[in-house]
Every structure is written in structure tokens, then in C-alpha cells.
Amino acid sequence: MQLIHKCHKTVKKAGILLSLTAIFFQGCQVKPENSAKAESADSSPLNVIFMIGDGMATGQVTTMFYYKEEPSVFEQFKEIGFINTSSSSNKVTDSAAAGTAFATGQKSFNRGLGLSPDSLPVPTILTILQAKGYQTGLVSIGSITHATPASFYAKVTDRDMEESIAEQLLEADLDFFAGGGLDFFNKRKDGQDLYQSLVGQGYQMDSVGMSRVTDTSRKYGYLLAPNGLPAKHKGRDSFLKEATEQALAKLSASDSGFFLMVEGSYIDWAGHARDKEFMLAEMLDFEEALAVALKYVDTHENTLLIVTGDHETGGMSVGKGAQIDQVDLYFNTDQHTADLVPVFAIGRAADSFKGFYQNSDIFHKILKAAGIQNDKIELVK
Ligand code: MG
Ligand code: ZN
């Protein structure tokens, strides 16, 4: 294979002495020519960053095109699809069933986590990828035991069983997690201190702030609020961006591939509250974390970034404002809706996320992109 040297021209022009040139060459990256072709044939493990805006569909994303001075980072996506988010029990899904569809490749019933429609436990994408040596991480603004993150590791018939879900986190063998939910670990009805159990498992735990990952050989856990973290417009700091940065620092230190789920949890809450200020603050915050992920994909060829919502909340649209040439946010409901939800993909195998499909198909598309056969799990139509 012919190799090109990106720095060659610069060095030649500068006319630097040979010895200096040699030093400079050492610092340059040697890349195969035609890296696009090399990429598709690349057998290195796939890194997956899966970002979920809870309650985020087209209307919510549209706000970033009207309420920001700079261009929306969503403009960077060229591969875009749409999902139907209905669950096996309801046309309008909740976050538990929607998360379960993403995590297991099967649509299931509202309120259940990690279970099939007949309540049997189903393997999640985390356990399948862990068996292939992948590192795994979960980031959520809400409690780490809340429906969306829990759908990736817990098996319960009702999402409100958060103390039971916390116990199941101890079995999940995550390499990184960050969110709220401390009370479900150390202020439990059964008196157990699961925070200490996590320390005992070797986790570098933090309940105060988003401290930096300093030893990538360790597992990291952050439980930074009794339940969910504060809303952005009520004083949350740049947690989501920083947690995404630290998760990538930890997970990418190993070259065995990783799966990272990052949730913008309160876009949904803003929709339920029909609150414009809340919505814009959470969308801007989600975009900041998304910018971190986009930058990572830009510099790591074997990475796939998928951004979607689990369902729409609020029946929200960007409509005509009171004054001429102004826009405003309008909410049709304080509930979830059955609106189609956009899927944005970039990086390796991104083109497979174009078109119209079911929310559960995302699981199968990710495994296919990772080159993993998973014949046992059938698509539920
Ligand atoms: Mg959620
Ligand atoms: Zn909701």
C-alpha cells in the first residue's frame, strides 16, 4: 500500500535541515493514502458513541437552527434517517420501552426494562459487546437508575424499581458511568451501602464533582446528586460535556473498542413542563456534549456516532412569534407523542442509518457495523 505523508509538503517548503526534518517526521502521522477504502476494510474494533436526547425529535432539534448565533452542530450530519418509536404495548412509547428497543433490538412493553414482551430477560448491546472485549460507559443527567440508562443494564418489570436497578448496576461491569442517583445506592430501604460496594469492586467513585480520569486502568463511577442533577436553567454546570470528555478519555485508552451512551435527559422534562427556557437550555447543553463527540469522531476513524431521541415530548414546534420575524416555541401536549424521530449518524458505517426503520433496528445496525453476528435476536415487527 502506498503511503503519503501529510506533513511532507510543509517540511519541504520550510527547507529545514535534514536532522530537524527527521525529528519533525517522527511527530507526524503516517496515513494510508485512500483512507476511506482502508477504513471500510479496517478490522479494528468499532467505537460507538450513542447519544440520546430524551424527548428530542425534529422540533427540538429545529430550535438549534433558530436560537443560536453560530450554526447548529447538527448541520455536520449528512446521513439522516427516521425511526418509528412505538412500543409493543403502546403506539406512544415511554422511555423504558424505547430504551429497551435501543438496548436489546426488541420492542417491548411500556415501563419494562431489558425484558421481552413476555417478560423474559433479553441480552443488551452492552453484554454482547463486553463479550467481544469492548469497554462500556453510560452518562445521564438524571439518575443512572432512571429508565433510559437503566434500559442498557437492568431487567425489571417496572422502571420505578430504582433500588433494584441500582443493585443490578453492580453486576453490569461498566467501565465508566456518570449521572445522579446516589440515594438509590446509599440511602436504601434495605440499609445496604452499594456506593461502598462499588468502591470494593475497584471503582474510582466520586459523589462531589466531575473529577478527571487520571488512571485509565481503573473503572470510574460518578454519582453526583441524590436523584437527578439540577436542570440547566436551574444551575447545572457543564456536567454533560465534561462527563462525555472524561468517558471518552477513559474508554478510548484501551484499543479494544468501546460503547458509550450519553443521554440528554431533560429535553423530555422541558417538553412535559411545556417550558421554553428549560427546553432551549437543555438543547444547547446537549449540543455542547454533541460537539465533543463530533470532534472525537473527526479524529478517530474507527468511530461511529449516532444521535437520536427515544420519542418526542410536548408535540413541540417552532412557530411564528408575537412580533414580526420572530419565532416562538409551541407545545401541543404535556405528554409524549408518536412523532417520527430523526437519527443522525457520522463516522464508520454511518450510511446504514439512512432511511426509515424501527427504533429497535438501531441495535442491529450497530452490531452489523461492529461486524458482530447476532442471529438469535429477531426483529419484532
Ligand atoms: Mg431518560
Ligand atoms: Zn417523558
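Leaving aside neighbours within four places in sequence, I306 is in contact with F50, V343, A345, F353 and I362. The model is predicted. I306 also belongs to the largest nonpolar core, which has 99 residues. Within that core, L260, L305, I306 and A345 touch the most other members. Helix α13, residues 276–299, gives the most to this core, with 10 residues.

In β3, N47, I49, M51 and G53 point one way. V48, F50 and I52 point the other way. Residues of both sets are buried.

The table gives each one.

| Strand pair | Partner residues | Sense | Bridges |
|---|---|---|---|
| β3 and β10 | 303–309 | parallel | 7 bridges |
| β3 and β9 | 258–264 | parallel | 6 bridges |

Which residue in β10 is the bridge partner of F50? I306 takes that place. F50 is also listed among the contacts of I306. On the β9 side, I49 stands opposite L260. L260 is, like I306, one of the core residues that touch the most other members. I49 and F50 point opposite ways from β3.

**Helix α4 against helix α13**

Helix α4, residues 58–66, packs on α13 at an angle of about 80°, with the axes 10 Å apart. That angle makes α4 roughly perpendicular to α13, because values from 65 to 115 degrees count as such. From α4, the contact uses Q60, T63 and M64. From α13, it uses M279, L280, M283 and E287. The residues of this contact divide into 4 nonpolar, 2 polar and 1 charged.

**Two residues with positive phi**

Most residues other than glycine have a negative phi. S119 has a positive one, near 65°. S119 is found in the loop between α5 (95–104) and α6 (125–131). Is S119 buried or exposed? S119 counts as exposed, because it has 12 C-beta neighbours inside 10 Å and the cut-off for exposed is 12 or fewer.

R274 has a positive phi too, near 50°. R274 lies in the loop between α12 (267–273) and α13. With 18 C-beta neighbours inside 10 Å, R274 counts as partly exposed. A residue needs 20 or more such neighbours to be buried.

Definitions and conventions. Residues are numbered from 1 along each chain as its sequence is written. Chains are lettered from A and ligands numbered from 1 in the order in which they are written. This is a predicted model: local features need pLDDT of at least 70, side-chain atom pairs count only at pLDDT 80 or more; totals for chains, interfaces and linings use all residues. A nonpolar core is a set of buried Ala, Val, Leu, Ile, Met, Phe, Trp, Tyr and Cys residues joined through C-beta atoms within 7 Å. Helices (H or I, at least four residues) and strands (E, at least two) are DSSP runs, numbered from the N terminus. Two residues are in contact if their C-beta atoms, placed from the backbone, lie within 7 Å. Axes are lines fitted to C-alpha atoms, for helices over the stretch in contact, and angles run from 0 to 180 degrees between N-to-C directions. Angles under 35 degrees count as roughly parallel, over 145 as roughly antiparallel, 65 to 115 as roughly perpendicular and the rest as oblique. Ala, Val, Leu, Ile, Met, Phe, Trp, Tyr, Cys and Pro count as nonpolar, Asp, Glu, Lys and Arg as charged, and the others, Gly among them, as polar. Two strands pair if DSSP finds at least two bridges between them.
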